[in-house]
Amino acid sequence: MVSAELISTLRELSRADKFYIMQVLISELAQQETDLIKRDQSYPVWSPYDAVEAADTMLKVLEAAKAQDHA
């Protein structure tokens, strides 16, 4: 748990020092996440290419919104 004293100290820091602390913490978090993506492994990525049903749904929603705006 984070102590009230630490929070108080952080609030007193200058803007530049707060950004530096954020950079350090984010860097540490990123280093801890290295196990999530492994080298030489492929991962599926969704693409809208050939997503005909999704395009049709979006077109219907846009047409309905357009009709509602003109009503």
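## Helix H3 and its surroundings

In this predicted model, helix H3 has 19 residues, and because the number of them that count as buried is 0, the helix lies largely in the open. Helix H3 covers residues 52-70 and reaches 27 Å from its first C-alpha to its last, which is close to the 27 Å expected at 1.5 Å a residue.

Side chains of opposite charge can pair when their charged atoms come close.

Where do Lys60 and Asp56 lie? Both residues belong to helix H3, where they are 4 residues apart, or about one turn of the helix. An α-helix has 3.6 residues a turn, so residues three or four places apart point the same way.

## A nonpolar patch on the surface

Elsewhere in the chain, Val2, Leu6, Ile7, Leu10, Tyr20, Ile21, Val24 and Leu25 form a nonpolar patch on the surface, and together they have about 640 Å² of accessible area. The elements that give two or more residues to this patch are helix H1, which covers residues 4-12, and helix H2, which covers residues 15-32. Which helix gives the most to the nonpolar patch? Helix H2 does, with 4 residues.

One of the residues in the patch is Ile7, whose place is in helix H1. Ile7 has a relative accessibility of 30%, and therefore counts as partly exposed.

## The protein as a whole

The secondary structure of the protein comes to 3 helices and 0 strands, and from the N terminus on, the elements run α-α-α. A compact globule of 71 residues would have a radius of gyration near 11 Å, but the protein has 24 Å. Taken along the principal axes, the box that the C-alpha atoms fill is roughly 55 × 45 × 25 Å.

How many of the 71 residues, as a percentage, count as buried? The share is 1%. The protein exposes about 7400 Å², and carbon and sulfur atoms supply 60% of that area.

Methods. Residues numbered from 1 in each chain as written. Predicted model: local features only at pLDDT ≥ 70, side-chain atom pairs only at ≥ 80, totals over all residues. Heavy atoms only, no water. Patch = residues over 30% accessible without salt bridge, like charges linked within 9 Å, V, L, I, M, F, W, Y side chains within 5 Å. Areas by Shrake-Rupley, 256 points an atom, 1.4 Å probe, with all protein chains shown as cover. Salt bridge = Lys/Arg side-chain N within 4 Å of Asp/Glu carboxyl O. Buried < 20%, exposed > 50% of the residue type's maximum accessible area, 1.4 Å probe, protein only. Expected span 1.5 Å × (residues − 1). Rg over C-alpha atoms; globule rule 2.2 N^0.38 Å.
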